[in-house]
Amino acid sequence: MKIALLGYGRMGKEIEKIAISRGHEIVIKKDVDTEIDITLADVAIDFSIPNSAFNNISNCIENKVPVISGTTGWLDKYNDAVKLCEEKKGAFIYASNFSLGVNIFFELNKQLAKMMSNLEDYNISMEEIHHTKKLDAPSGTAITLAEGIIENSTKKDWELDKTTSEENIPIVAKRIPEVPGTHTVWYNSEVDSIEIKHTAHSRQGFALGAVVAAEWILGKTGVFSMKDVLNIS
Ligand SMILES: NC(=O)c1ccc[n+]([C@@H]2O[C@H](COP(=O)([O-])OP(=O)(O)OC[C@H]3O[C@@H](n4cnc5c(N)ncnc54)[C@H](O)[C@@H]3O)[C@@H](O)[C@H]2O)c1
Ligand SMILES: O=C(O)C1=N[C@H](C(=O)O)CCC1
């Protein structure tokens, strides 16, 4: 497979290693806002910056190149990307987190939220920890976790940098050098606590998931998620 890397930072470089080890070829490395001929690639993988993700994704869809995006912090334009993909019969996957472990954690989180939804003695809270170079907060993964809880409880929204909240989910975002990504959801009562936690030990899991998604999407049209790729039910 000929792969275009849209973003050649920490993730772009990790994806390159894994893609090559799986027999793929990197034909484009785009790391600044510049013109490229995206049609040279069979598939594009965007791990860029919040301000450039939508343009990168649109360019792929317009040119009928399937695109995988892991960039976070641009989701105000997600519905526009979906609409464009449907109009142009393109192929597109966005995931806030491409690792297998986190995608299982997402499902566990929804199940737990459902079980806890009627238990008024428990207060929910969430924490995400990432490296100090991260541009956005809360993390895309924390937002997906919050959405999973909102779908399965009476919580209405999430709130950043709050430790408690009556009607919403308080999220604390911490920035500590070199941390690849740690997410914890707590349910605390007077008598006990329940905690679920995912800790990434490196970026390899994110990168492998993105390459697997790129392999999976080839020849398909539509808007998909990692649940489709991993066949999680
Ligand atoms: N979904 C996931 O699994 C996952 C995992 C890790 C990181 N991320 C997200 O991926 C993104 C990238 O993370 P990173 O750690 O590699 O960041 P990074 O800062 O190391 O890399 C981003 C790169 O994008 C480049 N860039 C700037 N403008 C561009 C443009 N117009 N087109 C293409 N590239 C451009 C920058 O020069 C930079 O090198 C972030 O939004 C991060 O939150 C997602
Ligand atoms: O390093 C990052 O930046 C990460 N971003 C994603 C997020 O915002 O959830 C996934 C974890 C790593």
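Predicted model: local features only at pLDDT ≥ 70, side-chain atom pairs only at ≥ 80, totals over all residues.
Me: How many residues surround ligand 1, and how many of the shell are nonpolar, polar and charged?
Reply: Ligand 1 is surrounded by 25 residues. Gly9, Met11, Ser48, Ser52 and Gly70 are the closest. By class, the shell divides into 9 nonpolar, 12 polar and 4 charged residues.

Me: Why does ligand 2 lie between domain 1 and domain 2?
Reply: Take the shell first: Thr72, Ser96, Asn97, His130, Lys134, Ser139, Gly140, Thr141 and Gly181 surround ligand 2. Domain 1 covers 2–98 + 204–230, and domain 2 covers 100–199. Ligand 2 lies between them because its shell takes residues from both domains.

Me: What classes of residue make up the shell around ligand 2?
Reply: No nonpolar residue belongs to the ligand 2 shell. Lys134 is among the residues there. The count is 8 polar and 1 charged.

Me: Which residues touch the most other members of the largest nonpolar core?
Reply: This core has 39 residues. Helix α6 (residues 204–217) gives the largest share, 7 residues. Leaving out residues up to four places away in sequence, Ile45 touches Ile3, Leu5, Leu6, Ile15, Ile68, Ala210 and Ala214. The residues with the most contacts to other members are Ile45 and Ala210.

Me: How many residues form the second, separate core?
Reply: Ile124, Met126, Trp158 and Val185 are among its members. The second core has 14 residues.

Key. Residues numbered from 1 in each chain as written. Chains lettered and ligands numbered in written order. Near = placed C-beta within 6 Å. Nonpolar A, V, L, I, M, F, W, Y, C, P; charged D, E, K, R; others polar. Domains from an automatic or database assignment. Core = buried A, V, L, I, M, F, W, Y, C linked by C-beta atoms within 7 Å. Buried ≥ 20, exposed ≤ 12 C-beta atoms within 10 Å, placed from the backbone. Helix = DSSP H or I, 4+ residues; strand = E, 2+ residues; numbered from the N terminus. Contact = placed C-beta atoms within 7 Å.
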